[in-house]
Every structure is written in structure tokens, then in C-alpha cells.
Amino acid sequence: MAKALSSMFFKSLQSTRTSASSVSGPFVQYGMRFSTGVPSDPDTHDDFKPTNKLENSDITLKDIVEQDVKENHVMIYMKGDPEQPRCGFSSLAVRVLSEYRVPIHSRNILEDPELKNAVKAYSMWPTFPQIFINGEFIGGSDIILNMHQASFCIFALLILG
């Protein structure tokens, strides 16, 4: 009898199973309901809905970028963070900057696409990471690697202020 029940149970699961990659929105897999979209259900608690933290503020993303660059000796906009870079170029930039043992301040552009666009507009540079030293846009990982390799002393002076 247990064998018949378990067989019946697994057959019902297989009949409700769909592929998550071929469906957008809610889908059922292994008898559980999953969602790939933003909840619009009125019963969803506000804590779980996406929010825009700047929505009720006079501060713009441009202001945030300007403040980051102005107030931090070394500022890097990157994919991930210095402890866990999410791309090879960001990882390379962190490794080069870490050689100088100065505090590295960063923002993860993967967390906020609007911030990513604001940084691109501010620097007029399309790729990441973007490194600012002493309030000046330096470039990406390739630029600081070349500076480090070619002119260790010049780059050290730039970093150390």
C-alpha cells in the first residue's frame, strides 16, 4: 500500500512539474510554487517589496557619486566588493590597489543598475571597474595595472597623496 501511495504521489508531482527556464512569472516545480517576478500581490508585506531609497529624498544618485569621489581617497565602483569581487577586472583592480595598503572604499554596481548608469554619466566612461583617486577619475583595472607596472613611484605618489 505504501508503494502504491508513493507511486501515486510522484506521478502527481511529475504532472504539475514545469521547467523554470521556459516560464516567466510563477511556476510549479516538485509540487511547490515559485515566482520569478516582483510580487504584486496585495497580501505581500511592504518589507518584501522592492523600494527606492532615494524616492522621498532630495539626494540624487549624481550627488551620491560626487560625495563618494570627494570624500574617499580611493573610490572604486566595481562588480562585487573588495572582499568578494564578481568579475576578473574588479578582482585585478582590488589586487593592484591592495598593494599600496590604503583604505579602498567601494560600491557594488550590481546591486543598483541606476547607480551604474549614474557613475557612467559622471565619469563619461562606459566600463567597470571605475577607479577614482584623490577625487580624480583614473580609469579601469588596465590603466592602474599599467601605471603600477610602468611607474611604481608615480603611482605610489598618486595613491599616497
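The side chains of Asp-68 and Arg-107 meet in a salt bridge, with N and O 2.5 Å apart. This pair joins distant parts of the chain, since Asp-68 belongs to helix α2 and Arg-107 to strand β6, 39 residues away. Please keep in mind throughout that this is a predicted model.

Let me turn to the surroundings of the two partners. Asp-68 has a relative accessible area of 8%, under the 20% limit, and therefore counts as buried. Arg-107, with a relative accessible area of 34%, is partly exposed.

The structure holds 2 salt bridges. The other one is formed by Lys-62 and Glu-66, whose closest N and O atoms are 3.8 Å apart. Here both residues lie in helix α2, 4 residues apart, which is about one turn of the helix. As a general point, an α-helix has 3.6 residues a turn, so residues three or four places apart point the same way. As for accessibility, Lys-62 counts as exposed at 51% relative accessibility, while Glu-66, at 31%, counts as partly exposed.

I now come to the helix as a whole. Which residues of α2 are buried? They are Leu-61, Ile-64, Val-65, Asp-68 and Val-69. Viewed down the axis of α2, these buried residues fall within an arc of 125 degrees, so they line one face of the helix. On the other side of α2, the exposed residues are Lys-62, Lys-70 and Glu-71.

Helix α2 spans residues 61-71 and helix α4 residues 113-123; they pack at an angle of about 65 degrees, and their axes are 9 Å apart. The crossing of α2 past α4 is right-handed. On the α2 side, the contact is made by Leu-61, Val-65, Glu-66 and Val-69. On the α4 side, Glu-114, Leu-115, Ala-118, Val-119 and Tyr-122 take part. Sorted by class, this contact has 7 nonpolar residues, no polar residues and 2 charged residues.

Notes: Residues numbered from 1 in each chain as written. Predicted model: local features only at pLDDT ≥ 70, side-chain atom pairs only at ≥ 80, totals over all residues. Heavy atoms only, no water. Axes fitted to C-alpha atoms, helices over the stretch in contact; angles between N-to-C directions. Helix = DSSP H or I, 4+ residues; strand = E, 2+ residues; numbered from the N terminus. Left-handed = near helix turned anticlockwise from the far one by under 90°. Contact = heavy atoms within 4.5 Å. Nonpolar A, V, L, I, M, F, W, Y, C, P; charged D, E, K, R; others polar. Buried < 20%, exposed > 50% of the residue type's maximum accessible area, 1.4 Å probe, protein only. Arc of directions from axis to C-beta. Salt bridge = Lys/Arg side-chain N within 4 Å of Asp/Glu carboxyl O.
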